[in-house]
Amino acid sequence: MGKKKKEMIQQLLLVSGSGLVLYSKDFKKSNFQARMIGALAVTIVRVAKQSVGLPLSFISYENLSIAFLVDSVTGITCVVFVDPDDGYDYAKVVASEVLSRFTLMFREHIGNLNIHLNHFHSFERVLPDVINGCIQPVIQSFAGRHGIEVVMVVSQTCGSFFTSSLDELSINANLQAVLDSATELSSCCNDMVTDIVIQNEKYRTHIFQLQNQTSLIIVSKIDVSLSEYKESAERAIILLEKILQLSSFF
């Protein structure tokens with residue numbers, strides 16, 4: 001029997017300012033008491049704000065970590081439950097994208113007492129796209145960095161994401177040709193491709209191969225050393241791998 005795939009999120013809640021759960025998803029399919037936990041989550045967020053004047057962001061327990069994010073306009077709180085080893089950065093990216101898309105989708109309906117809660121269940125249909133959208137803020141963190149021209153993620157399962165406008169079809173075709181050649185060579189060596197560097201006198205293109213037929217590509221000026229963005233790339237890869245694994249659940 002194969003190894004059971006780990007849930008990259010345990011539970012997800014979107015709760016109104018009054019503590020009413022507008023949307024919930026239990027990835028673990030457990031006996032999750034969404035209504036009670038949603039009300040408690042809003043209470044603890046409010047207590048933290050009143051007590052110390054700062055918004056509550058994250059609580060970590062031995063077996064569980066919880067990220068909180070409140071929309072300043074609607075008062076909706078997004079609560080994301082993850083394993084402790086998945087960390088705050090990952091939970092924050094997911095919470096931010098989920099909250100942004102939910103409030104955008106339902107902004108004119110939030111607070112309408114005549115709207116049935118089932119109306120918000122339609123968010124389930126767009127959730128896979130929302131999770132894929134978490135990729136964009138990860139690569140956007142490179143924007144404006146010294147010597148970095150463009151960063152992109154190209155995936156056969158999640159689509160393509162760029163920090164600036166590019167010819168997507170041309171890039172995908174050229175990238176695939178390079179990866180195919182590198183993969184063919186790696187098979188002769190009984191190994192796997194992890195990253196590829198292509199450069200000329202002006203620019204360097206660094207391709208990192210991730211899971212689910214996905215690549216992270218960083219194009220930099222040649223005078224920028226690999227060490228200048230290596231640490232940022234490693235952090236991004238960790239987040240992207242988690243997002244890709246979560247995306248594979250849909």
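**View A. Strands β9 and β10 pair in this predicted model.** Let's begin with two partners: β9 covers residues 203-210 and β10 covers residues 214-221. Their pairing is antiparallel and runs over 8 bridges. For a handy landmark within the pair, look for T205, which stands opposite V219 in β10.

**View B. The β9-β10 pair belongs to an open sheet of 5 strands.** Reading across the sheet, you meet the strands in the order β7-β6-β10-β9-β8, with antiparallel pairing. At the edges are β7 (159-162) and β8 (195-199), each of which pairs on one side only. On average, and with direction ignored, neighbouring strands of this sheet are turned by 15° against each other.

**View C. Helix α6 lies across strands of the sheet.** The strands that α6 lies across are β6 (148-155), β9 and β10. To orient yourself, follow α6 against β9: the helix runs at about 30° to this strand. Residues 226-247 make up α6.

**View D. The largest pocket also involves α6.** This pocket holds about 340 Å³ of space, and 17 residues line it. Which helices each supply at least two residues of the lining? They are α2 (87-106), α4 (135-140) and α6. With 6 residues, α6 provides the largest share of the lining.

Note on methods: Residues numbered from 1 in each chain as written. Predicted model: local features only at pLDDT ≥ 70, side-chain atom pairs only at ≥ 80, totals over all residues. Heavy atoms only, no water. 1 Å grid on protein atoms, 1.4 Å probe; cavity = no way out; pocket = protein on both sides within 12 Å on 5 of 7 lines; lining within 4 Å. Points joined across faces, edges and corners; volume = space filled by probe spheres on them. Helix = DSSP H or I, 4+ residues; strand = E, 2+ residues; numbered from the N terminus. Pairing = 2+ DSSP bridges. Axes fitted to C-alpha atoms, helices over the stretch in contact; angles between N-to-C directions. Contact = heavy atoms within 4.5 Å.
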